[in-house]
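Here's a quick briefing to read alongside the model. Have the viewer open as you go.

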Amino acid sequence: MSDLYTGACACGKIQYECNAAPVFSWKCHCRDCQRASGSMLCPVMYVPKTALTISGQAKFYEVKAESGNAVRRGFCSECGSPVFIDAELVPELMGLWAASLDDPSRFTPQVEVWTNSAHAWTSLQDGLDKFEQAPTSEQMQKIIST
Ligand SMILES: [Zn+2]
Ligand SMILES: [Zn+2]
């Protein structure tokens, strides 16, 4: 499988190309991700910023995540689709929302985080490690290295 990942927002104003495999991928159930998506969770894969080429201008707004870290959420100002997550926790990486991928089937989550905010109408995926809240930095290292 090639390490080229391409994607776009719903209207196509923002497009990206990434030529490296994701460093880690997860599904986040935190309330902030729920609000930002209008949905039950945020499926996101984090890739090296150095491997990412973006065309079009995303609009970013910054929030304090429940973990206390700053998170900059990038979305299309035209269609409103969430596309990027620039998190203080992993400054050298950029998060790509899985549904923005041209081929979302290539998203392979490793863990689910903030599961204590998951709703009864969300199903958790068998076989994935689960964290009730944010992983500790030690757990984070393990996620990044697997
Ligand atoms: Zn758009
Ligand atoms: Zn979240």
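What follows covers the conventions, the metal site, the sheet and the cores.

This is a predicted model, where local features need pLDDT of at least 70, side-chain atom pairs count only at pLDDT 80 or more, and totals for chains, interfaces and linings use all residues. Residues are numbered from 1 along each chain as its sequence is written, chains are lettered from A and ligands numbered from 1 in the order written, and side-chain values use heavy atoms, leaving out hydrogens and water.

**Zinc site**
- The zinc ion (ligand 2) has Cys28 (SG), Cys30 (SG) and Cys33 (SG) as its protein donors, 2.1 to 2.3 Å away; donors are N, O and S atoms within 2.8 Å of the metal (3.2 Å for Na, K and Ca), and with water not among the atoms, sites may look incomplete.
- Their sequence spacing is C-x1-C-x2-C.
- Cys30 is buried at 5% relative accessible area, and Cys33 is buried at 5% too (buried is under 20%, with a 1.4 Å probe and protein chains only).

**Sheet**
- An open, mixed sheet has 8 strands in the order 6-7-8-9-4-3-10-11 (strands are DSSP E runs of at least two residues, and pairing takes at least two DSSP bridges).
- Strand 6 (59-64) and strand 11 (129-130) are the edges, each pairing on one side only.
- Strands 4 (42-48) and 9 (93-97) run antiparallel, joined by 5 bridges, with Tyr46 opposite Gly95.

**Cores**
- The largest nonpolar core has 22 residues, and Phe24, Trp26, Cys28, Tyr46 and Ile85 have the most contacts inside it (a core is buried Ala, Val, Leu, Ile, Met, Phe, Trp, Tyr and Cys joined through side-chain atoms within 4.5 Å).
- Another core, of 19 residues, lies apart from it and includes Tyr5 and Phe107.

Definitions and conventions. Buried means under 20% relative accessible area, exposed over 50%, partly exposed in between (1.4 Å probe, protein chains only). Helices (H or I, at least four residues) and strands (E, at least two) are DSSP runs, numbered from the N terminus.
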